[in-house]
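Hi,

Here is the structure I promised to pass on.

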Amino acid sequence: MTDTPTTAGTTAAVEPAEGDEPQIAYPRTDWDDYEIVPPTTSLSNEKLTMWTFLGSDCLLFGALISTYLLLRNRRPLSGEESLRAADLFDIPFTSVSSFVLLMSSLTMVLAVSAIARGEMERCKLWLLTTAAQGAVFIAGQVYEFTSFYREGLGFTVSISSSAFYTLTGFHGVHVSLGIIMLVTLWVMVNRGIIGPERAETVEIIGLYWHFVDIVWIVIFAVVYLIP
């Protein structure tokens, strides 16, 4: 019988078969110690991917906001003095639609909380409510753009109007994509594809929705409130 080391500080008896070489076990390393666990992010791959996307989106919105700040007071070098978006702002109207969008973050939190508790009917209700509030915001933005166009402020009227439409329109596209995600989630929850065991899926979409709301707070302050 041959004593062969198997773990640090311990030995195990291995009986080789006749004619075979004795088998030598590899000694354990620090990584084999179950008390030593390598550090992790504690995030799933899906959630980490969403955080990475949102981080890159921050850079994009930062560039658009900076561009608007640089160009919002630019007038054409020749010809008649053109309108600026700031000359046509309806602050009370935009404030109401902004409030509706911000309240949708609350209903999104309620949807995530409901599915985590297994309350599927409540989850579906809050998902639809959140999507409806986003739709109200988009309807208000379409009305605002239409009013500006009728007043003579088109996308190509001046470089400042182009910067305004690009910034706010790009955010509107993000809200519209969020509405599509929410409606898709509602369908999947309604069909039983997503249940409490997959609550993280709803939470990930919630991260995107909260990001869109936070970005609008910055845009509203920079574009509408700061002269």
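Below is what turned up on salt bridges and on one surface patch. Keep in mind that this is a predicted model.

Salt bridges first. The count comes to six. One of them joins the side chains of Glu200 and Lys47, at 3.9 Å from N to O. Glu200 sits in helix H5 (residues 199–225) and Lys47 in helix H1 (residues 45–71), so this pair ties together parts that lie 153 residues apart in sequence. Are the two partners buried or exposed? Lys47 counts as buried, with 12% relative accessibility, while Glu200 is partly exposed at 31%. The pair also belongs to a network of salt bridges that links Lys47, Glu200 and Glu203.

Two others to look up: Arg84 and Asp87 meet through their side chains at 3.4 Å, N to O, and Asp87 is partly exposed, with a relative accessible area of 40%. Glu119 pairs with Arg117, where the closest N and O atoms are 2.8 Å apart. Glu119 is partly exposed too, at 27% relative accessible area.

Now the surface. A nonpolar patch of about 500 Å² is made by Phe99, Leu102, Met103, Leu106, Leu110 and Ile217. Which helix gives the largest share of the patch? That is helix H2 (residues 91–116), with five residues. Leu110 is in helix H2, and its relative accessible area of 31% makes Leu110 partly exposed. Patch residues need over 30%, so Leu110 passes that cut-off with its 31%.

Cheers

Key: Residues numbered from 1 in each chain as written. Predicted model: local features only at pLDDT ≥ 70, side-chain atom pairs only at ≥ 80, totals over all residues. Heavy atoms only, no water. Patch = residues over 30% accessible without salt bridge, like charges linked within 9 Å, V, L, I, M, F, W, Y side chains within 5 Å. Areas by Shrake-Rupley, 256 points an atom, 1.4 Å probe, with all protein chains shown as cover. Salt bridge = Lys/Arg side-chain N within 4 Å of Asp/Glu carboxyl O. Helix = DSSP H or I, 4+ residues; strand = E, 2+ residues; numbered from the N terminus. Buried < 20%, exposed > 50% of the residue type's maximum accessible area, 1.4 Å probe, protein only.
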